[in-house]
Amino acid sequence: DDVAQWRSLDDVIGSHEQADMGKAKKTRKYATMKRMISLRDARINEKDRAKPQKTIKEDPSALKVKEVTKYPSCLFFQYNTQLGPPYYILVDTNFINFSIKTKLDIVQSMMDCLYAKCVPCITDCVMAEIEKLGRKYRVALRIAKDPRFERLPCTHKGTYADDCLVQRVIQHKCYIVATVDRDLKRRIRKIPGVPIMYISNHRYNIERMPDDYGAPRL
C-alpha cells in the first residue's frame, strides 16, 4: 500500500511538471508605448490630417540681423569702473566656515587684503543655509548676524545660495564675491568684471582685481 501511495504521488508531481513545461512563461514588458501613426498619414481624413510645413527660401541679398549681447556700461573691456572703496563683498557660507577654521577676523582680514574699507554683505539665502547647518555651526551664525554685515533681502524662491549670488553679480557689477567653493568660482570667472576673494596661506587673497586698487600681488 505504501509503495502504491508513493507511486501515485510521483505521478501527480510529474503531471504538474509537464503542465508547467507546456506553458510559456510570460514576461511583463515595462515602459512599452503604443505606436502612434503620423498626423500626416494617408489613412487619416484630409480635414484632420496635418498639413506639410512650407519651407521659406532665404533671400541671399537680404540683410542678416544678429543679436549682440549687451554689456554693462561700467565695464571697460574686463576692467570694472564701478569697483572702488568702500568695497561691498558678497560672503558665501563656506567662506565664513573656513574663516573660523583659519581663525581670521572677516572684516579686519578683508581690510588687510584690500587696504580700504570693506562692507561684508550677506544674503537671506546664505543666512538660511547657515541656520540649516544646525548647532554645530552656531559660531558662523553669530558672525553672520554681526551688525557690521549688511543684510541683502532675496525675492526669489528657494534657498540655494550659489544661484542667488551669481544672479546678483550679473545684475549688479559693484560686488566682490568671497568664496572658497570651486564650482561657484568657476561660474563667477565666466562673468566679466567680478573679482573673487578666497583664502590661502591663512590670509585673504583677491583674484581678477584691477591693479589700481591696493590688492596685494601674489
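Visitor: Where is the place of proline 86?

Guide: Proline 86 belongs to the loop that lies between β2 (79-80) and β3, where helices (H or I, at least four residues) and strands (E, at least two) are DSSP runs numbered from the N terminus. The peptide bond that leads from proline 85 into proline 86 is cis, and its omega is near -5 degrees. Before we go on, keep in mind that this is a predicted model, in which local features need pLDDT of at least 70 and side-chain atom pairs count only at pLDDT 80 or more, while totals for chains, interfaces and linings use all residues. Residues are numbered from 1 along each chain as its sequence is written, and side-chain values use heavy atoms, with hydrogens and water left out.

Visitor: How should I read the sheet, and in which order do its six strands stand?

Guide: Strands of a sheet pair through backbone hydrogen bonds, in either the parallel or the antiparallel sense; two strands are counted as paired if DSSP finds at least two bridges between them. Here six strands make an open sheet of mixed pairing, and the order is β5-β4-β3-β6-β7-β8. Its edge strands are β5 (150-152) and β8, each of which pairs on one side only. On average, neighbouring strands of this sheet are turned by 35 degrees against each other, with direction ignored.

Visitor: In which sense do β3 and β4 pair, parallel or antiparallel?

Guide: Strand β3 (residues 87-91) and strand β4 (residues 118-123) are joined in the parallel sense over four bridges, and isoleucine 89 stands opposite proline 120 in β4.

Visitor: Which strands does helix α3 touch as it packs on the sheet?

Guide: Contact is counted when heavy atoms lie within 4.5 Å, and by that rule helix α3 (residues 106-114) packs on the sheet by touching β3, β4, β6 (175-178), β7 and β8. The direction of α3 makes about 50 degrees with that of β8; axes are lines fitted to C-alpha atoms, for helices over the stretch in contact, and angles run from 0 to 180 degrees between N-to-C directions.

Visitor: How many bridges join β7 to β8?

Guide: Strand β7 (residues 196-200) and β8 run antiparallel and are joined by five bridges, with serine 200 standing opposite arginine 203 of β8. The two strands form a hairpin with two residues between them, and asparagine 201 in that turn has a positive phi of about 55 degrees.

Visitor: Which residues are buried in helix α2?

Guide: In helix α2 (residues 93-101) these are Thr93, Phe95, Ile96, Asn97 and Ser99. Serine 99 has a relative accessible area of 1% and is therefore buried; leaving aside neighbours within four places in sequence, serine 99 is in contact with Leu104, Ile106, Ile199 and Tyr204. Just after α2, lysine 103 takes a positive phi of about 60 degrees.

Visitor: At what angle do the axes of α6 and α7 cross?

Guide: Angles under 35 degrees count as roughly parallel, over 145 as roughly antiparallel, 65 to 115 as roughly perpendicular and the rest as oblique. The axes of helix α6 (residues 161-171) and helix α7 (residues 182-189) come within 11 Å and cross at roughly 20 degrees, so these two helices are roughly parallel to each other. Asp162, Asp163, Leu165 and Val166 of α6 make the contact with Leu184, Arg187 and Ile188 of α7.

Visitor: What do the buried residues of α6 pack against?

Guide: The buried residues of α6, which are Ala161, Asp162, Cys164, Leu165, Val166, Arg168 and Val169, pack against β3, β4, α4 (124-132), β5, β6 and α7. Glutamine 167 is also found in α6, but with a relative accessible area of 45% this glutamine is partly exposed. The C-alpha atoms of glutamine 167 and isoleucine 188 are separated by 10.0 Å, although the two residues are 21 residues apart along the chain.

Terms used: Buried < 20%, exposed > 50% of the residue type's maximum accessible area, 1.4 Å probe, protein only.
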